[in-house]
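Let us take this model by question and answer. The sequence and structure come first.

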Amino acid sequence: MSKFYLGIDMGGTSIKIAVVDDKANILEESSLDTDIKAQPKKVINDIVNACKILKYYGKVKSIGIGIAGDIDFKKGIVRFSPNLPRWKNVPLKKEIEKTTKKTVLIDNDANTACIGAFWLDLKSKSDNMICVTLGTGVGGGIIVDKKLYRGNTGTAGEIGHMTLEVNGNKCNCGNLGCAETYIGAKYLVNRAVELMKTKSSKNILKLSGNNNSNITPKILSAAAAAGDLTAKQIWSEAGEKLGVLLANIINFFNPDSIVLCGGISKAGEELLKHANKQIKSRAFKTAADSCKIVISKYTNKLGVVGAAMLVKN
Ligand SMILES: [Zn+2]
């Protein structure tokens, strides 16, 4: 008999809910808006109510939750989440177990995305993999022998805060030269604004309606596809930095696969061709040749599916 797993992905604007089977196929989906102003108790209550009306709810044995921020996986506590400013040391696991009487696991959203990529993009046919989330921030997850690796204090996989430049850009984490400060969304946009002071860029200007504050990675991607040289330069620089980061990861970890997900990964070949050049010239040949680099086709589903499958990995 098939087993059913419930996943919850708590984002800054919406909370996605899904029930999946033991192959991670989505059977049922739902969502609600994230009420960032409400007390945690109210949000938890809304989530539980949304789960209870699902058709499969009665058949589900476990609930997994992914949430951005500093999460204590062992104790099931949200220490801090940037998406939910009112949440400080919230015992989310205990609260939901109390009202649902089901097993509850919580983890940070980079780890749930990694599990989602393991099931959806790699169809669980990987032993050792890395998932890199490229968005506003740059996150990562590590799977070793088909199990998520969390490290000693749950910090493992902070790929975005690996140093790429010794005296580089200042990062929010306090360090200098973090990968996130070269390939995160905000950096790409700032870099575009900076380059456009001295370089012409018809496509970026047109797509952003002549307003710098409208520039997004999506616009930079479309501009590059239309042949815009400034946009191409931005992706070339970001791809180069990403490639250095991935070459380091390949030499250190020797994964069979690396999955790239998140909004910025949608730049696709424009980003990957520059990254691959760096990987080829920097990483050990056998390790690089045996590592498959995949751009996720399921970015929007990874979090919720990975949360559901937390209990299996
Ligand atoms: Zn950092």
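Two strands pair if DSSP finds at least two bridges between them. Strands are DSSP runs (E, at least two residues) and helices likewise (H or I, at least four), numbered from the N terminus. The model is predicted: local features need pLDDT of at least 70, side-chain atom pairs count only at pLDDT 80 or more, and totals for chains, interfaces and linings use all residues. Residues are numbered from 1 along each chain as its sequence is written.

Q: What is the strand order in the open sheet of three strands?
A: The pairing in this open sheet is antiparallel. Its three strands run in the order 5-6-7.

Q: Why is one side of strand 5 and of strand 7 left without a neighbour in the sheet?
A: Strand 5 (70-72) and strand 7 (88-90) stand at the edges, so one side of each has no neighbour in the sheet. The reason is that each has a single partner strand.

Q: Which residue in strand 6 is the bridge partner of Ile71?
A: Strand 5 pairs with strand 6 (residues 77-80) in the antiparallel sense, over three bridges. Within strand 6, the partner of Ile71 is Val78.

Q: Which helix gives the most to the side of domain 1 that touches domain 2?
A: An automatic or database assignment sets the domain bounds: domain 1 is 4-116 + 301-309 and domain 2 is 127-296. Eight residues of domain 1 contact 12 of domain 2 (C-beta atoms, placed from the backbone, within 7 Å). With five residues, the top contributor on the domain 1 side is helix 3 (residues 109-120).

Definitions and conventions: Two residues are in contact if their C-beta atoms, placed from the backbone, lie within 7 Å.
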